[in-house]
Amino acid sequence: MSVAPVPAGRRERNKQAKLDRITTAAAELFAEHGVSEVTTQQIAEKADVGAGTLFLYAKTKGELLLMVQNAHYAEALGRGEADAAALTDGSESILAIVRQIVECNRRQVENGRTYLREMVFGDPAEPRHGEALAIVAQTEAAIARILRRAFLVTEGEAAILAHVVSAIMFLCMAASVHASSSVDEIILDIRQQIAAVLPR
């Protein structure tokens with residue numbers, strides 16, 4: 001006999017509704033103005049919550065950015081994996097994943113670069129940082145699967161190479177030299193660096 005799921009109580013629904021409003025408000029303001037030009041007070045006002053309530057969901061503006069961007073990056077990874085599945089060439093399959101993540105990062109350059117800093121230097125014990133790191137791990141796992149299939153390397157070698165590819169991608173996105181570069185220019189740089197480390 002199956003047990004019907006217990007519907008969320010009013011308190012839980014109210015909490016989720018506030019979180020949704022906060023996330024939507026932060027996403028809209030960050031997209032319009034950039035993270036550095038937005039205050040937590042503006043986000044609270046747009047979400048129609050008090051500043052104290054806002055800080056129950058995210059203690060800093062960086063955490064709010066992680067909350068918003070994590071969802072975008074997870075979606076980008078999903079699109080990249082779908083694109084990669086349609087290709088047979090190993091390098092192009094990897095770059096299909098990379099391209100989606102780079103495009104996501106460059107939608108709003110300041111937000112993308114700030115997100116990377118928050119992800120790398122933030123507290124990994126904080127849930128939003130943990131979610132960001134989990135997306136990186138999922139990205140590396142997807143790349144490792146391609147490496148094993150296309151380049152016939154061991155599981156351990158694939159994991160190491162996927163970590164290197166991930167590092168190349170994140171450094172290229174974060175590098176000051178690429179602050180005004182297009183997606184295609186960044187992808188070309190990543191392509192050239194990846195070609196130097198992938199098995200022949």
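Of the 200 residues in the protein, 41% are buried (under 20% relative accessible area with a 1.4 Å probe, protein chains only; exposed is over 50%, partly exposed in between). This is a predicted model: local features need pLDDT of at least 70, side-chain atom pairs count only at pLDDT 80 or more, and totals for chains, interfaces and linings use all residues. Residues are numbered from 1 along each chain as its sequence is written, and side-chain values use heavy atoms, leaving out hydrogens and water.

**Overall build**
- The protein has nine helices and zero strands (DSSP runs numbered from the N terminus: helices are H or I, at least four residues; strands are E, at least two).
- Its C-alpha trace spans about 55 × 55 × 30 Å along the principal axes.
- Among contacts (heavy atoms within 4.5 Å) with a separation of 6 or more, 67% join residues 24 or more positions apart.

**Glu63**
- Glu63 lies in helix α4, residues 61–85.
- Glu63 is buried yet has no salt bridge (a side-chain nitrogen of Lys or Arg within 4 Å of a carboxyl oxygen of Asp or Glu).
- The nearest side chain of opposite charge, Lys59, is 5.2 Å away (Lys and Arg count as positive, Asp and Glu as negative; His and the chain ends are not counted).
- Leaving aside residues up to four places away in sequence, Glu63 touches Ala58, Glu126, Arg128 and His129.

**Ile160**
- Helix α8, residues 155–174, holds Ile160.
- Ile160 is exposed, with a relative accessible area of 59%.
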